[in-house]
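Here is a friendly walk through some local features of one chain. Have the model open beside the text as you read.

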Amino acid sequence: MRIKYNIDWLIRKTVQKNDPNRIVENIFDYQNVIRKRPDLDREIYGSNYCYGMSYILKRYSGYKKRIRCLIEHAPGLTNIGLTEYKSNIFDTLLVSSVQRKEFLSGYTDKKIFDIGPSIAYADKIYDDFNISTIKKSFGKTLLLYPSHNVIDSDWEKDTEKFIAEAKKIVDEYHFDNVLVCMFYIDIQRGTHLIYEKEGWNIVSAGQMVNYDFNDCMKTIISLADMAMFQTYSSAVGYCIYLNVPVFIFPFNYNDPGIRKKYATDVLKEIYGLFKDFSEEISDKQKELCSYYFGYDSVKKSEELLGLFKSFEKNKLGKD
């Protein structure tokens with residue numbers, strides 16, 4: 001059984017490695033970006049693949065082996081919806097911030113290390129020269145993050161309001177171009193066509209299993225001068241980290257889907273600082289995002305490599 005598994009994995013790896021769409025060369029070819037491009041390495045804990053976390057951390061640190069710890073794939077704020085801390089595969093957990101570390105310490109006896117936001121370890125798919133060239137051709141660019149939820153009964157009405165507000169901002173603040181970052185499922189459903197009819201450019205960071213998800217996301221954010229969100233998303237903290245100002249459109253804190261993910265008081269705190277449109281990032285916005293996303297926790301490559309090597313002694317999760 002083990003031999004068959006290894007042979008099947010090698011076959012899949014060979015096929016995927018030779019896929020001509022394996023490397024994204026055009027971030028605006030969104031139908032290609034949303035294709036499935038899984039990490040070719042094998043990890044012991046499957047959730048480490050989410051959003052290419054193990055891939056970017058190993059690339060950054062130079063670590064070549066399987067990572068023997070659990071990796072939270074997004075800032076959890078004060079919710080416990082991210083369940084990596086419950087797994088018994090490893091007794092070590094990586095999180096974004098000191099805040100998250102302290103919060104989860106009340107729920108688990110695992111050893112927890114804070115390493116900062118994933119976007120800090122991502123690479124852009126274009127070099128700085130090409131990023132600059134694209135930005136010059138676009139002019140002043142507004143980046144929209146529509147809500148992922150298209151099931152809610154008020155979705156169409158809320159989207160109309162969101163688009164109307166975006167158009168108002170484009171006119172009032174003289175934006176030359178609009179990028180709309182869509183969840184891959186929404187593109188597959190055809191939801192992106194609503195925004196495409198406005199003459200706006202559709203982009204996506206791809207599927208959550210894609211090794212280059214964070215690279216695509218960093219590229220998209222780097223092309224923007226301002227970001228507007230229909231509801232809270234972890235991309236808020238990534239934008240601020242990359243010095244892109246953020247405005248959050250009014251949203252319902254009591255929406256069941258949102259309350260399931262995040263504590264209402266935290267959402268109110270975040271929304272309170274981002275509800276007014278401003279093309280400047282305030283000190284309070286930076287402080288809040290740094291607190292939850294761990295901007296000060298970002299590690300040097302050798303520090304991260306040292307952490308991964310220390311986890312090799314982990315008695316759990318043996319091959």
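Let us begin with a charge and a ring: the charged end of Lys140 sits over the ring of Phe175, 4.6 Å from its centre. The label applies if NZ of Lys or CZ of Arg is within 6 Å of the ring centre and within 35 degrees of the ring normal. Please keep in mind that this is a predicted model, where local features need pLDDT of at least 70 and side-chain atom pairs count only at pLDDT 80 or more, while totals for chains, interfaces and linings use all residues. Residues are numbered from 1 along each chain as its sequence is written, and side-chain values use heavy atoms, with hydrogens and water left out.

**Aromatic pairs**

The structure holds 18 aromatic pairs. One of them joins Phe113 and Phe311, with 5.5 Å from centre to centre and 50 degrees between the planes, a tilted arrangement. Rings of Phe, Tyr and Trp (its six-membered ring) pair if their centres lie within 6.5 Å; planes under 30 degrees apart count as stacked, over 60 as edge-to-face and the rest as tilted. This pair links distant parts of the chain, 198 residues apart: Phe113 is in strand 3 (residues 111–114), and Phe311 is in the segment after helix 14 (301–310). Helices (H or I, at least four residues) and strands (E, at least two) are DSSP runs, numbered from the N terminus. Both rings also belong to one aromatic cluster, formed by Tyr63, Phe113, Phe308 and Phe311.

How exposed or buried are some of the residues in this report? The table gives their relative accessibility; buried means under 20% relative accessible area, exposed over 50%, and partly exposed in between (1.4 Å probe, protein chains only).

| Residue | Relative accessibility | Class |
|---|---|---|
| Phe113 | 28% | partly exposed |
| Phe311 | 5% | buried |
| Tyr51 | 22% | partly exposed |
| Asn243 | 56% | exposed |
| Asp215 | 6% | buried |

**Two positive phi angles**

Most residues other than glycine have a negative phi. Tyr51, although not a glycine, has a positive phi of about 60 degrees; Tyr51 lies in the loop between helix 2 (30–33) and helix 3 (53–61). Asn243 is not a glycine either, and its phi is positive at about 65 degrees. You will find Asn243 in the loop between helix 10 (235–241) and strand 8 (246–248). The C-alpha atoms of Asn243 and Met226 are separated by 9.2 Å, with the two residues 17 apart along the chain.

**An enclosed helix**

Asp215 belongs to helix 9 (residues 213–222). Not counting residues up to four places away in sequence, Asp215 touches Tyr55, Ile56, Arg59, Ala122, Asp123, Lys124 and Ile125; contact means heavy atoms within 4.5 Å.

Which way do helix 12 and helix 13 run relative to each other, parallel or antiparallel? The axes of helix 12 (residues 264–274) and helix 13 (residues 283–293) come within 9 Å and cross at roughly 150 degrees. That makes helix 12 roughly antiparallel to helix 13. Axes are lines fitted to C-alpha atoms, for helices over the stretch in contact, and angles run from 0 to 180 degrees between N-to-C directions. Angles under 35 degrees count as roughly parallel, over 145 as roughly antiparallel, 65 to 115 as roughly perpendicular and the rest as oblique.
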